[in-house]
Amino acid sequence: MKKLLPNSLVGQLLLMVAFMLLIAQAVNMLLLYRGTQNQNMIEASAGAVARVGNFIGRREVIGADPRRGFRWRGSRPIISRNTVIGDNVERLSELEERAAIAFDNMGFNLRSVTAAKVEILPPILQNSVVGLRRGRPSDKTMGRQKNRQIDGYILLSVQASNGNWISIASVVRDRRPRIVGTLVFQTLVLYLILLIPLILLGRYIEKPLRNLTEGARNFKPGDGIMVPESGPPDTRQLIAAFNDMQGRVGSMMDEKDVMLGAIGHDLRTPLSALRVRIESVDDDGERERMIAGIEDMDRTLDDILSLARLGRSGEKSEATDVSALIETVADEFSDMGDQVSFSRQNRLTANIRATLIRRALRNLVGNAVKYGNSAEISLDSSNNLLKIHVDDDGPGIPEDQISSMFEPFARAEKSRNRATGGSGLGLTLARAIARDQGGDIVLENREEGGLRATLSLTMQ
Amino acid sequence: MSDKTHILLVDDEASLREPLAEYLEKQGFRIQQASNASAARSLLNAYDFDIILLDIMMPGEDGLSFCRYVRERMDIPVIFISAKTEETERIVGLELGADDYVTKPFSPRELVARIKVILRRANGSVGSSTNSSGSIYQFQGWTLKTDQRSLNDSDGVAVPLSSGEYQMLLALLSRAGQVLNRDQLLDITQGREAHAFDRAVDNQISRLRRKIEADPKSPEIIKTVWGGGYVLAGDVQTL
């Protein structure tokens, strides 16, 4: 059901309007139909009343059976002892009242006036039907009624002062087919008149909204791309407000960058001064430990700054030989004496920011080496996804702690002691880098023991 | 003129500048210090320098601008010293014609090694000058751009290189057709001499081959000369 609904504002609006119009037209049709039906009855009964009135009038004038000596065209009322209207037919009280008033106006004194609608003409009234054309149309109105279906009869039976019943029938013509045609036509015209401007209006509203959505989706702080202000005034205001916000976010990010740059500068300068002075320490062991300490601090600082600046990197994505990239990282670690293996197979390329991905991979391999003694890197590709697996032989991570490993400063051993080195930002940063480029990092315990970290990237 | 290498050290941070100058003097260099660009400019007019160590982030005129000034007027090698590590800024620095770049905190020994490499290049003691800034080398479908330190294949796919591999490839490319032995390669790339049984060069070469040769076992680009060393075969176009 949901799939049938259009998912755009204008689509839904149009559907709603069309649906409402249809309902309104249906109600309209019902009312009109009932109105015409009433009209039909009144029309039909008017003839009958006139005929009966004429009949009674004549009878009163000539004092005899008016059927004699007068040529009745088509139909004449019958006189009977009893009413022709049975008890079990639907009486038309409204018609009865109207007829009674009419007869009253004509100056007849009648005991009662009854009227009813029947589907089948009683045989007795076979020759007393008003409106049944015989042979030739009597006038234009009759001519137009030619095509109409007979939709039952109205029986009019009045009791004269002498107790006799004078009865006549009148044809009720059906107007339904024309009503339906008219209504369909009307609805179509309404649709044309209403929906075409609505579609145009919708476009007018929808386009700027689409631009806005696009703008919000592609928003990168500081790129200065504004969404063009167009559409109705309130949409323009919305877009202007959005552009404003974009500017504010951009300048906030700029401020942050300036601040981070200053922090980086102000911390690294004394660190480098220290690094230079350490060279004059004579004890080799002492000096190496001091250098290691400074390098550790520098890495932490670097991780923090990188994480904070991520998404603002000026590096462009470029088709890159991922196998060569992995090799470069693996070699770095091998050179340091770590056990890292990568067997290169066929060449796989992906559209990535190589410097950042290299860094993410370095963090994964670094973890594997640190906590799992060795790292085995493998590469596989399926569909449009390129997966770099980094497997280690360590103890793995309890399942319930895996997701929290990505939180800043999380450590598998829970203790946050820095004996093992590293900033505690490695995984956080690595995943942020992967996600920034449409990829991801997943950790899982391997069945044969050890942890597998998988860095997935989309190929171009 | 003394025989000592004359270095102009420009950094606004006295806390770094002074100990660094002291260290470099101990290493046998002659040092002039400047705390900003205008002081550096007047020193530049007063002395002949062999190399400039330049901080990028300085109040007033920054290092990039000063480097441009130096490049327009004279041919003195420049090494940037900066706290910024963003790769793009590295590229900006090299595009402006700096010969190298170290990031704070750096190892003073490494800095000295780099100074020696650059001076050797500048003095033309090993082959011709590499003129590292802004060259593009094309060889057998590959393109190496020195301003971005990037290597791309014929389809434009970037192949990441470690800095050792990059230095090695650049050394071979800039002396294409010339056989270079291990000592020369180490000297060009790292400014140090080979120890006996030093496998560093062979290691880098075999890594490079894995990345750029169609079949690393029978190399077509970097060929081994038995008993001699390595040579980059085929045509190299320099743009």
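**Two sheets in chain B**

User: What is the bridge partner of Leu144(B) in strand 8 of chain B?
Analyst: Leu151(B) is the partner of Leu144(B) there. Keep in mind that this is a predicted model.

User: How many bridges join strand 7 and strand 8 of chain B, and in which sense do they pair?
Analyst: They pair over 3 bridges, in the antiparallel sense. Strand 7 of chain B covers residues 142–145.

User: And the sheet they sit in, what's the strand order?
Analyst: The order is 8-7-6-11 in chain B. That open sheet has 4 strands, with antiparallel pairing.

User: Which strands stand at the edges?
Analyst: Strand 8 (150–152) and strand 11 (236–238) of chain B. Each has a single partner strand, so one side of each has no neighbour in the sheet. On average, neighbouring strands of this sheet are turned by 15 degrees against each other, direction ignored.

User: Switching topic. What order does the open sheet of 5 strands have?
Analyst: In chain B the order is 2-1-3-4-5, and the pairing is parallel. Strand 2 (30–34) and strand 5 (100–103) of chain B are the edge strands, each pairing on one side only. From one strand to the next, the twist averages 20 degrees.

User: What packs on that sheet?
Analyst: Helix 5 of chain B, residues 108–123. This helix touches strand 3, strand 4 (78–82) and strand 5 of chain B. Its direction makes about 175 degrees with that of strand 5 of chain B.

User: How many bridges join strand 1 to strand 3 of chain B?
Analyst: 4 bridges, between residues 6–10 and residues 51–55, running parallel. Within strand 3 of chain B, Leu53(B) is the residue opposite Leu9(B).

Conventions. Residues are numbered from 1 along each chain as its sequence is written. Chains are lettered from A and ligands numbered from 1 in the order in which they are written. This is a predicted model: local features need pLDDT of at least 70, side-chain atom pairs count only at pLDDT 80 or more; totals for chains, interfaces and linings use all residues. Two strands pair if DSSP finds at least two bridges between them. Axes are lines fitted to C-alpha atoms, for helices over the stretch in contact, and angles run from 0 to 180 degrees between N-to-C directions. Two residues are in contact if their C-beta atoms, placed from the backbone, lie within 7 Å.
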